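Please have the sequence and the 3D view side by side.

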Amino acid sequence: MNLTLWIVAGLLAALSLFSGATKAFLPKSKLDESTDWTESASAGFVRTLGGLEILAAAGLILPAALDIAPVMVPVTAVCWILLMIGGMITHARYRHYKNVALCLVLLAVAAFVAWGRFGPESFTG
């Protein structure tokens, strides 16, 4: 179970890092070409969202890997859940139902990490 949680958290962190870097470093005009929700969002909001996703990637791995406040791993997973709820709401407004489904899957993955790290495979136990 511990190995499974590490793998799942690592995959979620990799996805979060890629998604966050895209939002944080790609010009907003390029993002606007690929998705319409960024057209109505300010550049600052999109960059902030990207920064939060990069921080989530770090928070899912580094606290446990460095053994510095490992309780931050499940806390980060809960924050990812909240981020995915926001993503689901945003994508539903634009009728991007495939993206809503993707956010729901990522929410479930983060819930699994939070459950596992708060519960049976806690770093504090």
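This is a predicted model: local features need pLDDT of at least 70, side-chain atom pairs count only at pLDDT 80 or more; totals for chains, interfaces and linings use all residues.

Residues are numbered from 1 along each chain as its sequence is written, and side-chain values use heavy atoms, with hydrogens and water left out.

V78 sits in helix α4. Helices are DSSP runs (H or I, at least four residues) numbered from the N terminus. Together with V71, M72, L82, I85, I89 and F118, V78 makes a nonpolar surface patch of about 600 Å². Five residues of this patch, the largest share, come from α4. Patches are made of residues with over 30% relative accessible area and no salt bridge, and nonpolar side chains (Val, Leu, Ile, Met, Phe, Trp, Tyr) are joined within 5 Å. The areas come from the Shrake-Rupley method with a 1.4 Å probe.

Now for the empty spaces. Rolling a probe the size of a water molecule over the atoms shows where empty space is left. On a 1 Å grid over the protein atoms alone, a cavity is a set of points where a 1.4 Å probe fits but cannot get out, whereas a pocket is an open set with protein on both sides within 12 Å along at least five of seven lines; lining residues have an atom within 4 Å of a point. A volume is the space filled by probe spheres set on the points.

The largest pocket has a volume of about 750 Å³. Of the 27 residues that line this pocket, S19, K23, W37, E53 and H91 lie nearest its centre. Helices α1, α3, α4 (72-93) and α5 each supply at least two lining residues, and α4 gives the largest share, with eight. The lining divides into 14 nonpolar, ten polar and three charged residues. Ala, Val, Leu, Ile, Met, Phe, Trp, Tyr, Cys and Pro count as nonpolar, Asp, Glu, Lys and Arg as charged, and the others, Gly among them, as polar.

Because E53 lies in helix α3 and K23 in helix α1, the pair ties together parts that are 30 residues apart in sequence. Both E53 and K23 are buried.

How many salt bridges does a search of the whole structure find? There are two. D32 forms one with K28, the closest N and O atoms being 3.2 Å apart. Both residues lie in helix α2 (residues 28-34), four residues apart, about one turn of the helix.

The second largest pocket holds about 150 Å³ of space. Its lining consists of L52, L55, A56, G59, T76, C79, W80 and L83, with α3 and α4 each giving two or more residues.

Finally, the search finds one cavity of 30 Å³ or more. Residues lining this cavity include L5, W6, A9 and R117.

Conventions:
A salt bridge is a side-chain nitrogen of Lys or Arg within 4 Å of a carboxyl oxygen of Asp or Glu. Buried means under 20% relative accessible area, exposed over 50%, partly exposed in between (1.4 Å probe, protein chains only). Patches are made of residues with over 30% relative accessible area and no salt bridge: like charges are joined within 9 Å, nonpolar side chains (Val, Leu, Ile, Met, Phe, Trp, Tyr) within 5 Å.
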